[in-house]
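Me: I would like to learn how to read a structure like this one. Please take me through it feature by feature.

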Number of protein chains: 2
Amino acid sequence: MEPNDLLSRGVAEVIVEAELRQRLAAGKPLRLKQGFDPTKPDMHIGHAVGLRKLRMFQDLGHQVVLIVGDWTAQIGDPSGRDEARTRLTADEVRQNAETYMEQFFRVVDRQRTEVRWQSEWFGTFTLEQALDLTGRFTLAQMLAHETFRKRYDSGTPLTILELMYPMLQAYDSVAINADVEFGGTDQKFNILAGRELMGQLGMTPQQVLLVPLIPGTDGRKMSKTFLNTVDIRMPPNEMFGRIMSMSDEVLPLYFEVLSHRPMSEVATIRQSLAEGSVNPRDLKMSLAREVVAQFHSPADGQAAEEAFIRQFVNRELPEVIPEHQLDAPVSIIEVMVAAALAASKSEARRLIDGGGVKLDGERVTSYEQTVSPGANVVIQVGRRKFIRII
Amino acid sequence: MEPNDLLSRGVAEVIVEAELRQRLAAGKPLRLKQGFDPTKPDMHIGHAVGLRKLRMFQDLGHQVVLIVGDWTAQIGDPSGRDEARTRLTADEVRQNAETYMEQFFRVVDRQRTEVRWQSEWFGTFTLEQALDLTGRFTLAQMLAHETFRKRYDSGTPLTILELMYPMLQAYDSVAINADVEFGGTDQKFNILAGRELMGQLGMTPQQVLLVPLIPGTDGRKMSKTFLNTVDIRMPPNEMFGRIMSMSDEVLPLYFEVLSHRPMSEVATIRQSLAEGSVNPRDLKMSLAREVVAQFHSPADGQAAEEAFIRQFVNRELPEVIPEHQLDAPVSIIEVMVAAALAASKSEARRLIDGGGVKLDGERVTSYEQTVSPGANVVIQVGRRKFIRII
């Protein structure tokens, strides 16, 4: 990564860029705040965009301060939410935090990270402190938050508790004396509240670095519902396969935010894709290997690539295979019907009898053959019908 | 006071009247909550309306619980206010509370009153408790409060702190397990919030008894600015005089809420006033004597009446004399100019020289004569110009 990329590559917005450049130029290590609510601990490569950015700052000598939002998690960030969340127990919060950090430190250097729990300051927070905080924000400011505005305007219940969320997050910045807060673009309101509060209390207001929310592999919003995420905890082969299934149009962006290629190379990739002078599959394989190497190891990246070539390229399977998610092991007969590879169980049996059903390239001979969730195997029926079991 | 008057005379609204009647009929002593914020400790007869009602309940065996709002005082009740209040120090709050209670117990029986300070529960309130409270009210509920709605709609800053006010007052009802909360009609929103909160927490929701906000002696809103209040701490003669200066049209209401006359007599008074068959001055003197007797003593009431007769009736002073407020002692010359009894100091001296200036009926002979704030003396110039020094 070239130094010039620091405030531009994989960055959506910097507030205030000139100030941040000045503070970076001053040479003093900065305290980089990254908060998370241990609610849903599964991270995907969308989250990794910010973590990679933190890592870049660490590599320049700056200090990451990771805030475990054990208090805000119990409220739930209302940003982008249509309704109030259900509250988590303290135990769920602790377990989720551990799972989150295990993933966080796959990218961010643990040695240069200070982990702080909100309970350090909120555990002894008095009502007076809470009231003081609420006296520093007006309702009009809060309703400038699009999420709050929409919720209120549409008549969906919005509790005062939810208005407390940005204030608590803001106070975290005061508690740890943050120089820069990192977050996705959906965090802009909350992070600016921290900047505002610090200024009111006579502190140097924190700078804001927002990373983009990247689309899922199919170009839609990244969401588990669409099966278009690449999760940090996915096994190497599954991660590799998920990247291979991506749409061509998101490829240049993924190279920008997830690879270490210089931006000049990313520009070349963008251009050759537009011109059709390169096979997208080759680019995807190269990206997939690099991504697996990052979250697992270079050896895992190479092995996943080799497995993919054995399984799909040499056997000339299609690059994009629809996925079918299982909750429990089922018989091949059942999954064929469920995935619409056969119209009925009796048709499924006839297809097997006729030798037209293959599991990872091997002909299926028994109705009793079972497949399990996460098996990452491909079922092929005839020449053109494929599904991958996940 | 006839028993039937309990829930009607001097009462603006009862929520829910049938329930409250049932609880009264059950015979168990009820806990009657009355809160006050020790901000401006001066009470006037407008406040006395509620205190008299509390006293009536006490006389039936019920228990008053007086909440000293030492926490809410520091926020300031936003009800009816156009802008955020300035916050008081803890010392100011304590001093104000003492002054308030000295007046409160002129009407309410101290023996049957439990005094509770909010700091008993809010002093150890945790952030978790505060957040729990904020989770029980929605923004839409809060903006149903006319004061909040207006402030927000007009773009006047409304802090989240101010939204906390009704929630804290509501929690007081939980802390003391109130059966009925008393307050002026401007307290309806806050008191209903207490009712709502108790219900949410599985307690029997408190009943609400609202007393009317009575107009000042001139029929306008009661306010120090208009010099139309009758303050509980006024000396007997001043209190008597202020009641004598009242407009005829508020007389029946004052008899209803401030005297012990049966409602049938109040009806007669209303009718005879309408017919012109009674001299309003006689009614006012009778009311003034009764009110002074309540806040001072029957002897004080009688003495004030006699002084009034000596001073005004026998000397045929007008019943209504404009008042002039002083901040510090000044010479008669200065006050004459300030109150526009003379156009200049030299004119004032000429008027004194001519023997046309009287102080409480006595001719003024020296330019050096001084008058002091609160002296309650009448300066007369010529035949028609009068002011009373307060």
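This is a predicted model: local features need pLDDT of at least 70, side-chain atom pairs count only at pLDDT 80 or more; totals for chains, interfaces and linings use all residues.

Me: How many helices and strands does chain A have?

Reply: Chain A has 17 helices and 13 strands. Its C-alpha atoms fill a box of roughly 80 × 45 × 40 Å along the principal axes.

Me: What share of the residues in chain A is buried?

Reply: A residue counts as buried when its relative accessible area is under 20%. In chain A, 53% of the 390 residues are buried. The accessible surface of the chain is about 17200 Å², and carbon and sulfur atoms account for 48% of that surface.

Me: What can I say about contacts along the sequence of chain A?

Reply: Take the contacts between residues at least 6 apart in sequence; 72% of them join residues at least 24 apart.

Me: And how far apart are the mean positions of the positive and negative charges in chain A?

Reply: They are 3 Å apart, for 45 positive and 52 negative charges.

Me: How is the size of an interface expressed?

Reply: It is often given as the accessible area that is lost when the parts come together. Between chain A and chain B, the buried area is about 2600 Å², with 76% of it from carbon and sulfur atoms. Leu127(A), Leu139(A) and Ile160(A) provide 27% of the area that chain A buries against chain B, more than any other three residues. In terms of contacts, 30 residues of chain A touch 30 residues of chain B.

Me: How many salt bridges cross that interface?

Reply: The rule finds 0 salt bridges between chain A and chain B. Over all chains, a search of the whole structure gives 52.

Me: Which pairs could I look at, and are their residues buried or exposed?

Reply: To call a salt bridge, look for a side-chain nitrogen of Lys or Arg within 4 Å of a carboxyl oxygen of Asp or Glu. Asp5(A) and Arg9(A) form one, with N to O at 3.9 Å. Asp5(A) is buried because its relative accessibility is 8%, and Arg9(A) is buried at 3%.

Now go to chain B. Asp218(B) and Arg220(B) form a salt bridge at 2.9 Å, N to O. Asp218(B) is partly exposed at 26% relative accessibility, and Arg220(B) is partly exposed at 43%. Another pair is Glu120(B) and Arg116(B), whose closest N and O atoms are 2.7 Å apart. Glu120(B) is partly exposed, with a relative accessible area of 42%.

Me: Which residues of chain A are linked in a network of salt bridges?

Reply: Arg31(A), Glu114(A), Arg116(A) and Glu120(A) are linked in this way.

Me: What should I check in the backbone?

Reply: Most residues other than glycine have a negative phi, and most peptide bonds are trans, so exceptions deserve a look. The peptide bond from Ile15(A) to Val16(A) is cis, with omega near -5 degrees. Val16(A) sits in the loop between β1 (13–15) and α1 (17–25) of chain A. In chain B, a cis peptide bond joins Ile15(B) and Val16(B), with omega about 0 degrees.

Me: Which residues of chain A have a positive phi without being glycine?

Reply: Among them is Leu227(A), with phi near 55 degrees. Leu227(A) lies in the loop between β6 (207–211) and α11 (236–244), and is partly exposed at 27% relative accessible area. Another is Ala340(A), with phi about 60 degrees. Ala340(A) is in the loop between α16 (332–338) and α17 (345–353); at 58% relative accessibility, Ala340(A) counts as exposed.

Note on methods. Residues are numbered from 1 along each chain as its sequence is written. Chains are lettered from A and ligands numbered from 1 in the order in which they are written. Side-chain values use heavy atoms; hydrogens and water are left out. Helices (H or I, at least four residues) and strands (E, at least two) are DSSP runs, numbered from the N terminus. Buried means under 20% relative accessible area, exposed over 50%, partly exposed in between (1.4 Å probe, protein chains only). Contact means heavy atoms within 4.5 Å. Accessible areas come from the Shrake-Rupley method with a 1.4 Å probe; for residues, only the protein chains shown count as cover. Lys and Arg count as positive and Asp and Glu as negative; His and the chain ends are not counted. The place of a charge is taken as NZ of Lys, CZ of Arg, CG of Asp or CD of Glu. Buried area is the accessible area (1.4 Å probe) that two parts lose on being put together, summed over both.
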